[in-house]
Amino acid sequence: MSKRYEIRFSGAGGQGLITAGIILAEAASIVEDQYAVQSQSYGPEARGGASKSEVIISDGPIDYPKATLVDACLALTQEAADKYVDTIKPGGLLLLDTDFVKKPPAGDFKIYRFPIINTAKNDIGRAIVANVVALGAMVALTGIVKRESGEKAVLRRVPEAFVELNKKAYNTGYERVKALLD
Amino acid sequence: MAKKVALLQGNEACAYGALYAGCSFFGGYPITPSTEVAEVLAKELPKTGGKFIQMEDEIAAMASVLGAALTGAKALTASSGPGISLKQELIGYACIAEIPCVIVNVMRGGPSTGMPTGPSQSDIMQARWGTHGDHAAIAVAPASCQEIFSETVRAFNLAETYRMPVQVLLDEINGHMRERIELPEPGELEILDRQAPPVSPEQYLPFDPSFGDVPPLAAFGSEYRFHVTGLNKAADGFPTTKARLVDAEERRQIRKVEANRDKIEKNEEYMVDDAEVVIVAIGTISRSARHAVTELRKQGRKVGMFRPITLWPFPEQRIAELAGQVKAIIVPEMNLGQMILEVERVIKGACDLHGIGRVDGEPISPFQIMDKVKEVY
């Protein structure tokens, strides 16, 4: 019987969360030999306010392609946190941006927080890589793919000139969450 | 050798499947949620000498596909409900003039413009009876991105083999979701090409029934000259009102599908052998059904799934057999009851029948199906 693991990236449209979901799906199913399905909020829902990208990862073929009960959820905005936490599995994981989710939602899940967007902006130097910081963070939080697989999947999509920037973003996100877990 | 793999959207897989099948022409008009099919082909077709045309509307897009197909090209269009409605006149023309082509319908809510970004399966009956008059229909309804690729290839094969339009039915969910697919090597999947007429241009008749139910189609514009019309026609392609000829050619066109059901039909069965309840579902919703069956089996319930991959012609015989074996059939579909009518017709009351309909833009979840199974059995 295959094990199904569901991850949701949520935030505002334009934060690159769909790309983060695609990269995670590629890490699982192209770099590693797992099964993955990625889907996203679409249409008017994606164009203003809260937006989400979902990845289901399994060691066997995946039947239902949409999230049922989410094992791990990322929220980069308060709106996304409020809107999307209701389907987190009891005892599941929730990663929040400290600065942009001031009021962590209540529920039966473990909350982890760090300033994801400001880490990208200040430590890496480019706010645009916040999604890659978030991806590294979610890989560390879930352990669903190997650290190297996530990095490899990021670099598959990045032009030569931005390799170092993205490597740093990914690994910073990864290490920040690792530190929270230890 | 390692397989070439990629994470592709269903719509992208459809476009790459078309290219694999040898599609060299796309005529379309963009519409959500089908647009990625056109986007990929706009980029890829020119690289291999193919043609991509964005026409002024969906009707013209279908007309361009028929024109290209007549000249010998494997031609494709992709659209969604409102666009497919506009194409119906020319789909009928493709039926009667026997023009091979493939039409992708990424289904969204309706009628009319409905809900562009919501998934739907409400064009099931349109795919069968959308154009007027008696006609055969072939439609395939793949579920996964890998299958969208291979069924698009098969749709072209069926179109060429039976010289008729074939529809590929997707929905907003499997059109937009991304899955890993293994891209087949050339030669790995069967590709069927149009056969040149075995007679000289002088002897050629475009609808000569002595060749069987599917007369060979010459390339329009070549040395083979012939007439094409939407009127009932004689073997030479010119209009006729002779009762005997009209009757014979109408029946031939139905027969070319009916007499070849065994070659056209394709189904998947999951845990039906000892099932007391069978869920009949297509496309994305078959994936909900599979999840529900797996979960219910863990609870000791004898439930199975039957999935038509070829939706039209409908798998009458197998569903009738299953109806004799089970207590109940459940038909979940993202509409308010279309495929269930076909199931009802073929089971002739042999077992109980229940539907689950949903049209709010959300998929039917595995839990909804599990609840229904528990309610009825």
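Trainee: What percentage of the 377 residues in chain B is buried?
Mentor: This is a predicted model, in which local features need pLDDT of at least 70, side-chain atom pairs count only at pLDDT 80 or more, and totals for chains, interfaces and linings use all residues. Residues are numbered from 1 along each chain as its sequence is written, while chains are lettered from A and ligands numbered from 1 in the order in which they are written. A residue is buried if 20 or more other C-beta atoms, placed from the backbone, lie within 10 Å of its own. In chain B, the buried share of the 377 residues is 53%.

Trainee: What radius of gyration does chain B have, and why does it agree with a compact globule?
Mentor: The radius is taken over C-alpha atoms, and the globule rule is 2.2 Å times the number of residues to the power 0.38. For 377 residues that rule gives a value near 21 Å, so chain B agrees with it at 21 Å.

Trainee: How many helices and strands are there in chain B?
Mentor: Both are DSSP runs, numbered from the N terminus: helices are H or I, at least four residues, and strands are E, at least two. Counted this way, chain B has 13 helices and 14 strands.

Trainee: Which element gives the most to the side of chain B that touches chain A?
Mentor: Two residues are in contact if their C-beta atoms, placed from the backbone, lie within 7 Å. The contact involves 16 residues of chain A and 17 of chain B. On the chain B side, β1 (4-9), α7 (172-176), β8 (178-183) and α10 (283-298) each give two or more residues. With five residues, the element that gives the most is α10(B).

Trainee: Which residue is the bridge partner of Val37(A) in β8(B)?
Mentor: Two strands pair if DSSP finds at least two bridges between them. Strand β2 (residues 35-40) of chain A runs antiparallel to β8(B), and two bridges join them. In β8(B), Val37(A) is partnered by Glu179(B).

Trainee: How far apart do the C-alpha centres of domain 1 and domain 3 of chain B lie?
Mentor: The bounds come from an automatic or database domain assignment. Chain B is assigned domain 1 (4-183), domain 2 (209-261) and domain 3 (268-376). Between the C-alpha centres of domain 1 and domain 3 of chain B the distance is 26 Å.

Trainee: Which element gives the largest share of the side of domain 1 that touches domain 3 in chain B?
Mentor: That contact takes 24 residues from domain 1 of chain B and 19 from domain 3 of chain B. Elements giving two or more residues to the domain 1 side include β6 (138-140) and β7 (165-171). The largest share, four residues, comes from α5(B).

Notes
A residue is buried if 20 or more other C-beta atoms lie within 10 Å of its own, exposed if 12 or fewer, and partly exposed in between; C-beta atoms are placed from the backbone.
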